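Some notes on the side chains follow. Please read them with the model open.

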Amino acid sequence: MLVLMSIGFTHAQRMLPKQKGIEIGAGILSGKESFQEYYLKIGMTVNGKNGNYELWVFEYTHEYYKYRDIDIPLETYTAEGGYSFYLLGDTRRNIALNAGVTAVAGYETVNRGKVILYDGAKIRSEEGFIYGGGVHLSLETYLSDRFVFLVQGRAKILWGTSLEQFRPSAGLGLRYNL
């Protein structure tokens, strides 16, 4: 009797409208040689209808640029807000493919604000406020009724930067639905 009762209860509802989730993630920047060039993010999701959700993210990106025998650090702090659209998945929402668009704003610093290098060379790239947009494609699978594992491919286009405007990346994440 207990086994028959548990069969009916194991199918929890997922992606309920207005359900919130906390998401953390990390990844590497595409086209870079080193795993020392990475991003870390923390965010919040708010589910909409049909598997779509709002996405609000704070992100830290750390990368290096080579100059002779030293690495010049570039750090970026951004906030993103956007929407992710359900593309396809199974009927029970165990696995889903989502695509999203976001608006991006933040601050970028080069060499932690030091413009003169050890040999007297001057960095011409300026630090300052940046803005732009981003897109992502994520494969999401439920590990349990509350935990979701994410595999993401992302790209951002940024203005206000004197460095690369197009910044692709790939990473992994974990979401906890409240």
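1. Start with Glu 37. In this predicted model, Glu 37 sits in the loop that joins strand 1 (20-29) to strand 2 (38-47). Is Glu 37 buried or exposed? Its relative accessibility is 6%, so Glu 37 counts as buried, the cut-off being under 20%.

2. Next, the aromatic rings. The count of aromatic pairs is six. One of them joins Tyr 60 and Tyr 77, with 5.2 Å from centre to centre and 45° between the planes. That pair is tilted.

3. Accessibility of the two partners. Tyr 60 has 19% relative accessibility and therefore counts as buried, under the 20% limit. Tyr 77 has 41%, so Tyr 77 counts as partly exposed.

4. Which residues form a cluster through ring pairs? They are Tyr 38, Tyr 60 and Tyr 77.

5. Last, arginines over rings. Arg 154 lies over the face of Tyr 39, 4.0 Å from the ring centre. Arg 175 lies over the face of Tyr 53, at 4.7 Å from the ring centre.

Technical notes. Residues are numbered from 1 along each chain as its sequence is written. This is a predicted model: local features need pLDDT of at least 70, side-chain atom pairs count only at pLDDT 80 or more; totals for chains, interfaces and linings use all residues. Side-chain values use heavy atoms; hydrogens and water are left out. Helices (H or I, at least four residues) and strands (E, at least two) are DSSP runs, numbered from the N terminus. Buried means under 20% relative accessible area, exposed over 50%, partly exposed in between (1.4 Å probe, protein chains only). Rings of Phe, Tyr and Trp (its six-membered ring) pair if their centres lie within 6.5 Å; planes under 30 degrees apart count as stacked, over 60 as edge-to-face and the rest as tilted. A charge sits over a ring if NZ of Lys or CZ of Arg is within 6 Å of the ring centre and within 35 degrees of the ring normal.
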